[in-house]
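Let's take a look at what surrounds the ligand here, and then at how the chain is laid out.

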Amino acid sequence: MNDVVNYVIDGNIGVITVNSPPVNALSQAVRQGLLDAIRAAASDDTEAMVIHCEGRTFIAGADIKEFGKPHAEPLLPDLLNEVEASEKIIVAALHGTALGGGFETALSCHYRIALDSAKVGLPEVKLGLLPGAGGTQRVPRLAGVEASLELILSGAPIAAGRAAEIGLVDKVVSTDLLAEALAYARQLAKTRAPVRRTSELTVENVDDSVFDNVSAGLGKRARGQTAPPRIVECVRSAMTMSFEDGQKRERELFSECMQDPQSVALRHMFFAERVAAKVAGLSDDVPIRDVKSVGIIGGGTMGGGIAMSFANAGISVTLVEINNKALRRGLTIIDQNYAGSVKRGKLSESKAADCRGLISGATDYSALGDVDLVIEAVFEDPELKKDIFARLDKACKPGAILATNTSYQDVNEIAAATMRPQDVLGMHFFSPAHIMKLLEVVRADKTADDVLNTVMALSKRIRKVAVVSGVCYGFIGNRMLQGYFREAQLCLIEGGSPESVDAALYDWGMAMGPISVGDLAGLDVGYKARQAQPEEERGDPAAYRVPDVLVEAGRLGQKSGKGFYTYDADTRARTSDPDVQAIIEREAAALGIERSPIDAEEIVDRLIYALVNEGMRILEEGIAQRPGDIDVVYVYGYGFPAWRGGPMHYADAVGLGNVLSRIEEFRNRFGDDNWAPAPLLEKLVREGRTLAEWTER
Ligand code: 3HC
Ligand code: NAI
């Protein structure tokens with residue numbers, strides 16, 4: 001038919017093959033090829049058709065690269081209506097991931113056969129969209145309202161077996177998909193099976209309360225997001241309207257989603273995440289070192305979670321602690337975490353046992369003689385870290401990669417403690433390390449290309465989203481966070497309360513407010529760091545007086561039951577504490593600050609623009625490769641709402657001119673120290689360019 005869709009006749013069956021790597025997305029060429037093939041088959045001697053795909057997967061959805069561009073015919077809903085209207089039976093043969101428009105293509109066919117390893121789903125919600133090619137109308141007709149709402153609102157793919165259980169797939173096979181699909185099509189033709197058109201079915205009625213309950217739950221499940229309520233409306237339409245009218249409504253709401261800034265942001269995130277995995281300037285032929293076993297030094301909060309990340313990917317781990325007692329403590333926490341995963345149904349008992357079996361313990365560095373990678377996760381003490389790296393240099397085999405999980409320390413200095421700085425880099429995980437997706441990979445001055453390449457590839461194996469950072473204090477994420485936390489404290493002491501500052505950011509979309517984050521991480525961490533500094537280097541006392549007083553009063557945060565809030569010992573539920581408000585007011589008075597209320601908009605602008613301004617400096621200095629990398633760091637590591645696209649995309653969306661004006665307003669009010677605009681921001685505004693345009697330079 002064309003370069004990406006082939007049509008051949010096999011006996012009495014027309015075989016339509018899509019071959020458009022990497023994921024057979026429904027580009028204009030694929031749509032056109034499918035249409036031409038269906039039309040050709042309509043007028044030849046075949047009795048039925050099979051649609052299947054070459055490569056790793058059945059069609060994985062609409063071509064996201066075409067979104068935002070002018071529509072090119074044939075449009076997908078029209079194509080799929082024509083597929084369904086075919087007088088000859090069409091069988092879809094599914095393998096890999098039949099997602100979004102790809103699964104909608106299968107739903108418009110009359111029968112569906114799938115490999116048992118296949119997954120099907122409608123992930124559009126993750127792009128701020130809804131299934132726009134009949135998915136919201138056809139799934140309820142096959143699987144009922146409740147299963148449809150779950151599938152479409154979660155966006156999570158389901159296994160072929162489960163899809164068969166709920167009526168979305170007719171037959172599941174374990175091998176020879178194409179041969180099985182051909183045999184199935186022949187049998188259907190021979191038995192004169194009906195041409196089953198899903199649009200001709202009706203949706204079983206459910207009580208209105210089903211929709212009301214789901215809508216009520218969206219406040220929590222999809223806070224701030226605009227696509228989910230539209231999905232609920234579409235599914236309701238499938239029940240209350242004809243197929244034609246329901247599909248019309250689906251089209252209207254799909255267009256609204258497509259125009260919505262949330263979808264623009266989520267589509268940006270989709271590509272940013274994938275681009276972040278690529279290291280600029282690193283050629284494809286840089287080799288990858290083999291990593292079969294890993295050593296981890298320090299089995300505390302981070303070391304334990306890192307060990308689990310590797311074991312969960314089938315990689316064996318040796319955990320080294322300072323003595324047997326510390327080792328036992330670390331391994332016990334790992335045991336408890338696995339038991340928790342089993343209890344919550346996240347892992348089967350046998351899988352948990354297999355993973356746990358890959359982790360062994362030691363108290364001597366000689367146990368690391370043969371490992372391919374070591375990750376150091378001991379206390380944040382630069383001298384201790386350098387000492388450990390000097391010892392690793394002696395204990396590890398040549399070619400082993402040596403990584404530090406440090407949050408702030410200079411990776412160049414740590415590398416210099418060894419005779420092999422080319423093998424050293426940072427692997428900065430986030431807590432809890434077995435759950436959080438982000439991994440900052442810190443490229444030191446002498447890190448070898450193949451070491452970097454190996455760790456980027458490894459991050460995929462352990463299911464992390466990796467972002468490369470240069471060396472600086474705090475790397476990308478924690479460096480930016482300093483201004484964000486500073487403004488949180490300043491807003492608090494100048495007129496806010498823990499509740500008002502937290503609510504402003506939470507309501508804006510952050511997973512947690514900044515004050516609660518401080519309580520969770522422990523207020524003593526920052527306190528100790530400040531104590532280690534001479535007073536004149538600590539900055540404006542207004543930005544740290546209150547947490548200092550709290551720590552000195554034994555209020556360390558959640559771990560001591562009290563911090564900015566008071567926490568219930570059993571449930572960890574937080575309550576406001578009038579004592580804290582009194583401390584804030586007292587300290588404000590002592591510093592001569594006249595408190596006056598600050599509205600939520602100002603709180604958000606001060607915190608978020610502090611991130612943006614520092615992000616601009618990080619880009620200028622080349623610490624981050626691209627603005628999208630910073631967005632990935634914030635969405636995957638710091639609870640930034642994905643539907644706002646990360647701080648840098650958000651700045652573009654608000655308009656860099658508007659961001660700069662607000663920063664200049666803050667500079668006029670608060671001074672140059674905190675609010676000098678980043679030169680890159682000023683330059684882009686002067687040139688009338690966006691960050692996205694700057695990236696394409
Ligand atoms: N459109 C365009 N490009 C796509 C794409 C799509 N739908 N899906 C994946 N790609 C590209 C990726 O950008 C990547 O490109 P790169 O190599 O240049 O970076 C390449 O394909 C491989 O993708 P992954 O690295 O993600 O490969 P994986 O094997 O890890 O995952 C996948 C494969 C599960 C298919 C995953 O890519 C995925 O989830 N894709 C998106 C699926 C999706 O959201 N579909 C719905 C689209 S919206 C829609 O269909 C609207 C309709 O209802 C009208
Ligand atoms: P932790 O205090 O929970 O654990 C440190 C562990 O290292 C302890 O169990 C200790 O016994 C062990 N240890 C100390 N010296 C050792 C030695 N010489 N040999 C072997 N083991 C030794 O600390 P945590 O929180 O796990 O932090 C570890 C590192 O990870 C630090 O550099 C920290 O900055 C960084 N980090 C911490 C994050 C967090 O949220 N806690 C997030 C990201 C990075």
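In this predicted model, a backbone N or O atom of Ala60 sits 3.0 Å from a nitrogen atom of ligand 1. That makes it a polar contact (a pair of N or O atoms within 3.5 Å).

| Residue | Atom on the residue | Atom on ligand 1 | Distance |
|---|---|---|---|
| Arg56 | polar side-chain atom | oxygen | 2.5 Å |
| Lys278 | polar side-chain atom | oxygen | 2.8 Å |

On its own, ligand 1 exposes 990 Å², and the protein buries 75% of that (areas by the Shrake-Rupley method with a 1.4 Å probe).

Ligand 1 has 26 residues around it, with Arg56, Glu104, Glu124, Arg274 and Lys278 coming nearest; a residue is near if one of its heavy atoms lies within 4 Å. Sorted by class, that shell holds 14 nonpolar, five polar and seven charged residues. Helix 11 gives the largest share, three residues, while strand 5 (97–99) and helix 3 (101–108) each supply at least two. Helices (H or I, at least four residues) and strands (E, at least two) are DSSP runs, numbered from the N terminus.

Helix 11 (residues 261–276) also packs against helix 10 (residues 243–259), at an angle of about 65° and with the axes 4 Å apart. Axes are lines fitted to C-alpha atoms over the stretch in contact, and angles between N-to-C directions run from 0 to 180 degrees.

Residues are numbered from 1 along each chain, and chains are lettered from A and ligands numbered from 1 as written. Local features need pLDDT of at least 70, side-chain atom pairs count only at pLDDT 80 or more, totals for chains, interfaces and linings use all residues, and side-chain values use heavy atoms, leaving out hydrogens and water.

Definitions and conventions
A polar contact is a pair of N or O atoms within 3.5 Å; within protein, one must be able to donate a hydrogen and the other to accept it, and residues adjacent in sequence count only if both atoms are side-chain atoms. Ala, Val, Leu, Ile, Met, Phe, Trp, Tyr, Cys and Pro count as nonpolar, Asp, Glu, Lys and Arg as charged, and the others, Gly among them, as polar.
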